[in-house]
Amino acid sequence: MLDKNGIAKRIAKEVQDGYYVNLGIGIPTLVANYVRDDIEVEFQSENGVLGMGPFPFEGDEDADIINAGKQTITTLPGASFFDSATSFSMIRGKHVHLTILGAMEVAENGDIANWKIPGRMVKGMGGAMDLVASAENIIVAMMHTNKAGESKLLKKCSLPLTGVGCVKKIVTNMAVLEVTDDGFKLLERAPGVSVEAIKNATEGRLIVEGDIPEMDV
């Protein structure tokens, strides 16, 4: 199985030259560390940063330069800072090519729940609803099961939804899956993970066609 860095490394292969990319909180923030050196990509954060770089090394942090998750970040030459109104104009205007988000649950029809567990204190939805409502290419980075071993890829989400029918692809610690009209289509499996193990860990409908290759990470 993959760890969080392995998931981020696999998702980085989806990033193309010239893309503007929004990275959500959690595993998605690690993707910036693994993008190929021979392409140019602009990472955007909804708190008003364009041109984010990798996380700083310990001792090099600048507390005034943070992402939407309040983590310290670095910026690349030519980076810009702007207010939230401008940032969300960029998001709502569909000027972001790829959005990478974490999730607590994803349904087989592409619904996503990633902002609230009922009964737990949360500060708010943040920019998640705007991102999923506006983005045309959403990849989810998540663990395939919860700590109790229960599937997080479901027939129907049980938690409050962030967006409906919006997720295109999912990369978990076990597999790469595409959301189709018929359910989760298995594209790749993590090194050492069998198709049977993925079937057992997926509550939603899983489509398996032919031999499923291992991920190249």
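Colleague: What joins the side chains of Glu188 and Arg10?
Modeller: A polar contact of 2.9 Å does.

Colleague: Why is that called a polar contact?
Modeller: The term needs a pair of N or O atoms within 3.5 Å; within protein, one must be able to donate a hydrogen and the other to accept it, and residues adjacent in sequence count only if both atoms are side-chain atoms. At 2.9 Å, the Glu188 and Arg10 pair is within the 3.5 Å limit, so the name applies.

Colleague: Before we go on, what sort of model is this?
Modeller: It's a predicted model, with residues numbered from 1 along each chain as its sequence is written. Local features need pLDDT of at least 70, side-chain atom pairs count only at pLDDT 80 or more, totals for chains, interfaces and linings use all residues, and side-chain values use heavy atoms, with hydrogens and water left out.

Colleague: Okay, is Glu188 buried or exposed, and how do you know?
Modeller: Buried means under 20% relative accessible area, exposed over 50%, partly exposed in between (1.4 Å probe, protein chains only). Glu188 has 18% relative accessibility, so it counts as buried.

Colleague: And what does Glu188 touch?
Modeller: Leaving out residues up to four places away in sequence, its contacts (heavy atoms within 4.5 Å) include Arg10, Met174, Ile212 and Asp216.

Colleague: What makes a space a cavity?
Modeller: On a 1 Å grid over the protein atoms alone, it's a set of points where a 1.4 Å probe fits but cannot get out; lining residues have an atom within 4 Å of a point. Searching the whole structure turns up two cavities of 30 Å³ or more.

Colleague: Which residues line the largest cavity?
Modeller: Among them are Leu23, Thr29, Met52, Phe55 and Asn67. Leu23, Thr29, Met52 and Asn67 also turn up in the lining of the second largest cavity.

Colleague: How does the lining of the largest cavity divide?
Modeller: Six nonpolar, four polar and no charged. Ala, Val, Leu, Ile, Met, Phe, Trp, Tyr, Cys and Pro count as nonpolar, Asp, Glu, Lys and Arg as charged, and the others, Gly among them, as polar.

Colleague: Last one: why does the radius of gyration of the protein chain agree with a compact globule?
Modeller: The radius is taken over C-alpha atoms, and the globule rule is 2.2 Å times the number of residues to the power 0.38. For 217 residues that gives a value near 17 Å, and the chain has 17 Å, so the two agree.

How values were computed:
On a 1 Å grid over the protein atoms alone, a cavity is a set of points where a 1.4 Å probe fits but cannot get out, and a pocket is an open set with protein on both sides within 12 Å along at least five of seven lines; lining residues have an atom within 4 Å of a point. Grid points are joined across faces, edges and corners, and a volume is the space filled by probe spheres set on the points.
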